[in-house]
Amino acid sequence: MDTMRERFASVTTQLLDEDPRLAVVLADIGVDGFRTAAERHPRRVVNVGIREQLLVGVGGGLALAGLRPVVHTFASFLVERPFEQVKLDFGHQGVGGVLVSAAGSYDWPAGGFTHMAPGDIALLDSLDGWTVHVPGHPDEAETLLRHAAAAGDDKVYVRLSAQSNEAARPVDGARFLPVREGRNGVVLAVGPMLDNVLAATEGLDVTVLYATTVRPFDDAALRTAVAGATAADVVIVEPYHEGTSTRHANDALEHVPHRVLGLGVGRRELRRYGQIDEHLAGQGLDARSLRERITGFLGR
Amino acid sequence: MTNTTTDTTRDAAEDTTAAPLDDFAALPRLMSHMTGDEKHGPAATSTLDALWVLYDRVLRVSPATADDPDRDRFLLSKGHGPMAYYAVLAAKGFFPTAWLPGFGSYDSPLGHHPDRLLVPGAEIGSGSLGHGLPLAVGTALGLRAQGRTDPAVWVLIGDAELDEGSNHEAIAYAGAVGLSRLHTLVIDNSSATHGWSGGIASRFEAAGWSATTVDGRDHEALYAAFTLPHPDRPHAVVARVEAKEYAGEPKPKAKAA
């Protein structure tokens with residue numbers, strides 16, 4: 001199986017052939033995957049070099065000229081470093097585009113904290129109108145990238161990850177999917193967290209919802225899941241900052257007394273290198289830690 | 001969006017009958033509706049002559065073609081002090097002069113920094129320095145990608161705005177790829193805190209741009225600089241005007257000993 005980033009390159013190469021409005025902007029990251037595309041469409045595949053303010057500004061300018069830009073680099077250099085460009089060169093100008101990130105939270109642990117951006121979704125939450133896709137499998141990444149490219153002039157963020165679930169689910173670019181039914185609470189697993197959540201909740205009488213499109217938040221799916229449970233207890237397991245979606249769950253459940261536990265990546269720096277699995281354990285996001293934290297919360 | 005009820009607005013509306021609008025001589029009066037004074041310091045008018053020559057003689061854009069994909073684009077990156085810009089747009093008929101007195105008020109589309117969603121003819125919203133040139137690079141690339149090789153893209157920045165690193169990302173890239181439909185107008189009123197030793201034009205030239213420096217008050221010199229041929233490379237015009245430190249009230253004279 002290819003990685004999400006490899007699929008991003010192959011699918012977008014194909015989309016460039018099909019959609020004359022699409023253009024790709026790179027900043028030296030991911031350039032190899034677009035060699036063929038750049039030969040075929042030299043005017044619509046642009047590499048600006050290691051210049052991330054320009055990367056996002058060029059994306060906004062392409063949109064002003066009527067194109068649909070697909071802008072890609074690591075999350076730390078796509079959302080954090082040029083955040084004001086994301087805010088002003090898209091939203092404030094009233095134009096849209098597709099931002100596709102890689103390496104979000106702990107994809108390259110040996111690279112250290114400079115290459116981690118667990119706060120990317122929280123930052124985008126401070127802006128209006130961004131759709132956020134967090135695929136958990138390369139096939140889902142393909143589906144969601146196609147949605148993003150075809151989403152008119154919407155502002156769309158696609159968070160690709162090196163971590164992946166074993167099996168792809170039939171995601172539709174909007175709704176949360178019920179994966180398991182239960183009575184004692186609802187666990188919402190986001191993107192690549194699903195397999196660990198399924199392992200952690202094995203044998204527990206809980207509903208597991210699967211989210212790959214987290215903004216807009218599927219209020220209706222959460223309400224339906226909660227309505228089928230004995231208590232409105234919700235655990236959200238996200239592969240980025242813990243608690244990022246807690247506000248959205250609270251808003252969705254404002255009509256009913258409820259409890260929400262937000263699990264995800266902590267704000268403290270681990271200051272560790274190593275492997276993805278070690279970081280999942282270090283963040284308490286491996287199956288064993290998750291089971292402990294979920295049962296502890298639901299049993300309270 | 002338009003407010004037409006205040007007294008000052010009626011004053012502005014009378015402009016349309018008092019004297020021809022589409023005239024450089026009309027601009028100070030139009031600006032006075034925003035500033036409350038017919039006399040303007042160099043800071044308020046630093047961009048005025050260059051903007052006028054561009055809109056009057058160079059840019060192929062008018063209210064009738066403001067949405068034409070093949071229009072020339074002018075991006076005001078230096079969004080601070082946009083009175084001259086609004087005066088030129090009003091003189092050229094992009095929006096009614098009756099809007100000018102509302103400048104900066106809650107119901108006015110004309111803010112102290114322009115918003116493209118509110119101001120007809122404004123290609124970008126600006127105010128935060130250093131966004132216009134990268135947006136202009138993207139716009140030029142986008143037009144080229146669609147085979148629209150005719151429209152020119154112009155962006156106006158200030159010499160202090162040039163401090164922002166995003167501009168240098170854009171200058172280096174645009175020069176390297178020879179983005180020949182891109183033009184940068186730098187209004188140099190010597191306001192950059194640390195200056196630009198060796199001159200502003202040299203930054204552009206070193207990056208492969210065509211660049212020229214002119215008197216920013218001389219309309220013929222500006223026109224010549226704006227229309228200088230620059231095949232295969234982007235073009236920068238540095239328009240020098242009075243230093244910003246002399247703006248506003250005159251400096252007190254030194255007392256005799």
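In the predicted model described here, helix α3 (residues 52-64) of chain A packs against α7(B) at an angle of about 75 degrees, with the two axes 8 Å apart. Axes are lines fitted to C-alpha atoms, for helices over the stretch in contact, and angles run from 0 to 180 degrees between N-to-C directions. Helices (H or I, at least four residues) and strands (E, at least two) are DSSP runs, numbered from the N terminus. The helices α3(A) and α7(B) are therefore roughly perpendicular to each other; angles under 35 degrees count as roughly parallel, over 145 as roughly antiparallel, 65 to 115 as roughly perpendicular and the rest as oblique. From α3(A), A:Glu52, A:Gln53 and A:Leu54 take part in the contact, and from α7(B), B:Gly165, B:Ser166, B:Glu169, B:Ala170 and B:Tyr173. Contact means heavy atoms within 4.5 Å. These residues divide into three nonpolar, three polar and two charged, where Ala, Val, Leu, Ile, Met, Phe, Trp, Tyr, Cys and Pro count as nonpolar, Asp, Glu, Lys and Arg as charged, and the others, Gly among them, as polar.

Within chain B, the axes of helix α6 (residues 132-145) and helix α7 (residues 165-176) come within 8 Å and cross at roughly 30 degrees, which makes α6(B) roughly parallel to α7(B). On the α6(B) side the contact involves B:Leu133, B:Pro134, B:Val137 and B:Leu141, and on the α7(B) side B:Ser166, B:Asn167, B:Ala170, B:Ile171, B:Tyr173 and B:Ala174. Eight residues of this contact are nonpolar, two are polar and none is charged.

Chain A contains an open sheet of seven strands with mixed pairing, in the order β2-β1-β3-β4-β6-β5-β10. Two strands pair if DSSP finds at least two bridges between them. Strands β2 (45-47) and β10 (213-215) of chain A stand at the edges with a single partner strand each, so one side of each is left without a neighbour in the sheet. On average, neighbouring strands of this sheet are turned by 20 degrees against each other, direction ignored. Strand β1 (residues 22-26) of chain A runs parallel to strand β3 (residues 68-74) of chain A, and five bridges join them. A:Val24 stands opposite A:Val70 in β3(A). Helix α1 (residues 4-18) of chain A lies across β1, β2, β3 and β4 (97-102) of chain A, at about 140 degrees to β1(A).

A second open sheet of chain A, also of mixed pairing, has five strands in the order β7-β9-β8-β11-β12. Its edge strands, β7 (177-180) and β12 (259-265) of chain A, each pair on one side only. Strand β7(A) pairs with strand β9 (residues 207-211) of chain A in the antiparallel sense over three bridges, and A:Leu177 has A:Tyr210 in β9(A) as its bridge partner. Helix α9 (residues 219-227) of chain A lies across β8 (186-190), β9 and β11 (233-241) of chain A, at about 175 degrees to β9(A).

Three cavities of 30 Å³ or more are found in the whole structure. On a 1 Å grid over the protein atoms alone, a cavity is a set of points where a 1.4 Å probe fits but cannot get out, and lining residues have an atom within 4 Å of a point. Grid points are joined across faces, edges and corners, and a volume is the space filled by probe spheres set on the points. The largest cavity holds about 50 Å³. Its lining includes A:Phe8, A:Val70 and A:Leu145, and divides into nine nonpolar residues, one polar and no charged.

Residues are numbered from 1 along each chain as its sequence is written, and chains are lettered from A and ligands numbered from 1 in the order in which they are written. As the model is predicted, local features need pLDDT of at least 70 and side-chain atom pairs count only at pLDDT 80 or more, while totals for chains, interfaces and linings use all residues; side-chain values use heavy atoms, with hydrogens and water left out.

Terms used. 1 Å grid on protein atoms, 1.4 Å probe; cavity = no way out; pocket = protein on both sides within 12 Å on 5 of 7 lines; lining within 4 Å.
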